[in-house]
Amino acid sequence: MVKETIRVYARVKPPGRRQPAGSYSIDNEEPLPSLEITVPRDLADGFINNKRESYRFKFQKIFNQEAKQDVIFDSIAKPVAECVLAGYNGTIFAYGQTGSGKTFTITGGAERYSDRGIIPRTLSYIFDQLQKDSSKVYTTHVSYLEIYNECGYDLLDPRHEASRMEDLPKVTIMEDSDQNIHLKNLSLQQATNEEEALNLLFLGDTNRMIAETPMNQASSRSHCIFTIHISSKEPGSATIRRSKMHLVDLAGSERVGKTGIGGHLLTEAKYINLSLHYLEQVIIALAEKNRSHIPYRNSMMTSVLRDSLGGNCMTTMIATLAMDKRNIDESISTCRFAQRVALIKNEAVLNEEIDPRLMIIQLKKEIQDLKDELVLVTGKQRTTELSQEELLQLDELIETFLKDNDPDSSLDVGADMRKIKYCFIHMKQIINHPMTSDKKLLSQDISEEKNSNEELEKLKGVLQQRDNEINILVTMLKKEKKKARDALSQLNATSAGSKVLEQSPSMSLEESQSPSRCFSLKEAKVFSSSVPRLPFLSRATGGKMSLGRQEAFEVFKRDHAESITIEDNKQLLKQRFDEAKRLGEKLNEVRNKINHLKGKIIQRQIQRAALAVSNPAEEQTFDPAEEKLRMQIEEEKKSYKIAYSRFKGLKVEIEHLQLLMEKVKMKLQKDFEIWWSEEAKKFQQEKPEMVASPNAATVYPQFIRSSQHLSPNSFSDTNRDSPYEDPAVKINSITSGNPTLKTRTPPSSSTSIPLTGDSQADADILAFIKARQNILQKKGLGNK
Ligand SMILES: Nc1ncnc2c1ncn2[C@@H]1O[C@H](COP(=O)(O)OP(=O)(O)OP(=O)(O)O)[C@@H](O)[C@H]1O
């Protein structure tokens, strides 16, 4: 058992660009570093009754704004992951106000590979370690739970395509008689390697993003718990170790009063703050000595994290702090909360249990072994029952023994438990029923015993039958599950395009040298299609876009802030592909070299064998030339291993980058959809007559309005080579399906636009014309 208090770390976020920085200092003194925050009196609005200007808080370690993600992982998450691998439970949770960097710390940023957060790095580390340890059999599962307004949602259910949060399967809490918490409906997905686990993480993150609407910025207002479940077993042992690691991104901790929100958002904020309030209550209760009742049951989040708080878990908290002046009072609240958490003691125990099925198998084997041994010693095969002849013999022996007055006489029936038992039963009969203890009674008893034995055998048979039925059902269930998994992976593979020509990480050098294992440019490039496209990606785009909408989207995309990220990542991907290509070539080269050297060795051995036949006197046992060749091979193998491990690292990085890009693209698409529909709404309000016209039933002619209604980022003047610069050319190509529009110059007012009567097509025509008009206006080309 490991007893220790919750470890509490602080991480300061880099300041916002236009935000005046608050005043604070970090003192990394031993044993506990401290953070001092200074609040000038004029700023201390929130602390009117407390005129203190300076606040000092102690932490296990404080990370300043320069701290990189790898340092955070190494210092905070790696030790927890090591405990989890050893069989203890572990939890890391991030607490802080909205925007203070909780998601950045736990999941990571969506821009750069180096921004990967604790979850992807932990997965990488854990799978790396599992691969290295061949002494045990490991099974790994992951689950991803979102808690929003006191309701739990499963983010990993492959059967549901979520477009709203309500579409996700609802998770409920159940408690068994031992007060253990069970989460009903939360799927546990098996992940056999890092890639599968990362895909699941992205599936969950995407479900989270898609389920979010502008009205429900659920990411800030929900709690998310990503859990890695590991079970391990030594071959042949009935003992299983099960441990889990919760990685928790809590909702923003800001106080309701200060945020000035109302209506629906207030309800949400109440729920969040209520659950964070209950978290605080649990923490206060735990920090108090001699408190018998801890109010875990008050909220779903505290129920789920029950073990992590004051229970069987090694828990770590990261207080995320935004030190801008306007956020300083919230940061002080976060630090105060952290100080209370630091008082909580947990008792982590090794989670070992005996698997009863394996135990039965083991015991059965032991019985069989003992029976075999007995046969060897006695030379007789034992049956469970004594024969009639043996029974009669025993009766005689007992009778003789009882009649014998010699005090030294003994009853010797040999080392046979069946006979010894029979003697005891017989004698008991004689003592209890001296008058009726004749053979008749005894034989009656024996027949009764026989009957009950038969009954027992019958019951055993029924039990065996039931066991078989259960086994058949379990097998069926497994098959069904496998089918579902296969269908899913087939879907992934189909959307991924080509199949990955992947080299198994555990593949030996010899295997890799077979001709079919040539590293080629194709193999390096195949990375690009190796990421199994997630089946849900298509749904964000809402199917195929029409031309006009596509045009508007292209412009929107170009000026969106994320486009820089996409471009950066594209560049980075290209670099990585080039490097992978180079490494592939190098690996081929080394492989060929090794084969060449091996060929030389064989040649030498043949020559020497021939020499030995013709001249036996000159036979040598040691050949320095061959030894040299072997050393060269060893050297080449070393460089092969180094290049191969870099190649493997590149693969992970490329896959991660591709997933990041997919995520960013989806975000872009989503932002566009939101913007598009908002514009439509505004237009409907401003020009109801157009909406009412039969030609424009559900038209979205939002772009007809003046450009100031457009989002400031959407159509900026940054695109010098915009295809829109030649209006005639563009309009012809875009509206080629509409002869009326084909020859027209862009209309200056909406009423002159001929519409087709098809609402979607009309919306697209209008959207295109307006987008184009806006750009022309901005470029000073309008109506020329
Ligand atoms: N240490 C950091 N280094 C660089 N950027 C950071 C850091 N911390 C946070 N950010 C950036 O700040 C922004 C807000 O961070 P993040 O989304 O992680 O906040 P949060 O606390 O999770 O907010 P919410 O409660 O709304 O989910 C993001 O754009 C993130 O990339």
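Reader: Which residue takes a positive phi in the hairpin of β10 and β11?
Author: This is a predicted model, in which local features need pLDDT of at least 70, side-chain atom pairs count only at pLDDT 80 or more, and totals for chains, interfaces and linings use all residues. Residues are numbered from 1 along each chain as its sequence is written. Helices and strands are DSSP runs (H or I, at least four residues, for helices; E, at least two, for strands), numbered from the N terminus. The hairpin has five residues between β10 and β11, and a positive phi near 65° is taken by Gln179.

Reader: How many bridges join β10 to β11?
Author: Two strands pair if DSSP finds at least two bridges between them. Strand β10 pairs antiparallel with β9 (residues 151–154) through two bridges, with Gly152 opposite Val171. On the β11 side (residues 181–184), Thr172 stands opposite Lys184. That pairing is also antiparallel, and its bridges number four.

Reader: Is Glu150 buried or exposed?
Author: Glu150 is in the loop between β8 (137–148) and β9, and has a positive phi near 65° without being a glycine. A residue is buried if 20 or more other C-beta atoms, placed from the backbone, lie within 10 Å of its own, exposed if 12 or fewer, and partly exposed in between. Glu150 has 12 C-beta neighbours inside 10 Å, so it counts as exposed.

Reader: Where in helix α1 does the kink lie?
Author: Helix α1 spans residues 69–85, and its buried residues include Ile72, Phe73, Ile76, Val80 and Val84. Just after the helix, Gly87 takes a positive phi of about 110°. The bend at a residue is the angle between axes fitted to the seven residues ending there and the seven starting there. The kink, of about 45°, comes shortly before the proline Pro79, at Ala77.

Reader: Which residues does Met317 touch?
Author: Two residues are in contact if their C-beta atoms, placed from the backbone, lie within 7 Å. Residues up to four places away in sequence are not counted. The list for Met317 is Ile6, Val8, Phe93, Tyr95, Ala338 and Val341.

Reader: Is Gly96 buried or exposed?
Author: The unreviewed UniProt entry annotates a "binding site" over Gly96, Gln97, Thr98, Gly99, Ser100, Gly101, Lys102 and Thr103; UniProt positions use the numbering here, feature names are shortened, and annotations may be inferred rather than shown by experiment. Gly96 is in the loop between β7 (90–95) and α2 (102–106). Leaving aside neighbours within four places in sequence, the contacts of Gly96 include Lys102, Ser253, Ala319 and Thr334. Because it has 29 C-beta neighbours inside 10 Å, Gly96 counts as buried.

Reader: What separates the C-alpha atoms of Ser308 and Thr91?
Author: Ser308 is in the loop between α8 (300–304) and β15 (314–322), and counts as buried with 26 C-beta neighbours inside 10 Å. Beyond four places in sequence, Ser308 touches Thr91, His246, Cys313 and Thr315. Ser308 and Thr91 are 217 residues apart along the chain, yet their C-alpha separation is 6.1 Å.

Reader: For contacts with a separation of 6 or more, what share comes from residues 24 or more positions apart?
Author: The protein has 23 helices and 17 strands. Of its 784 residues, 31% count as buried. Among the contacts in question, the share from residues 24 or more positions apart is 73%.
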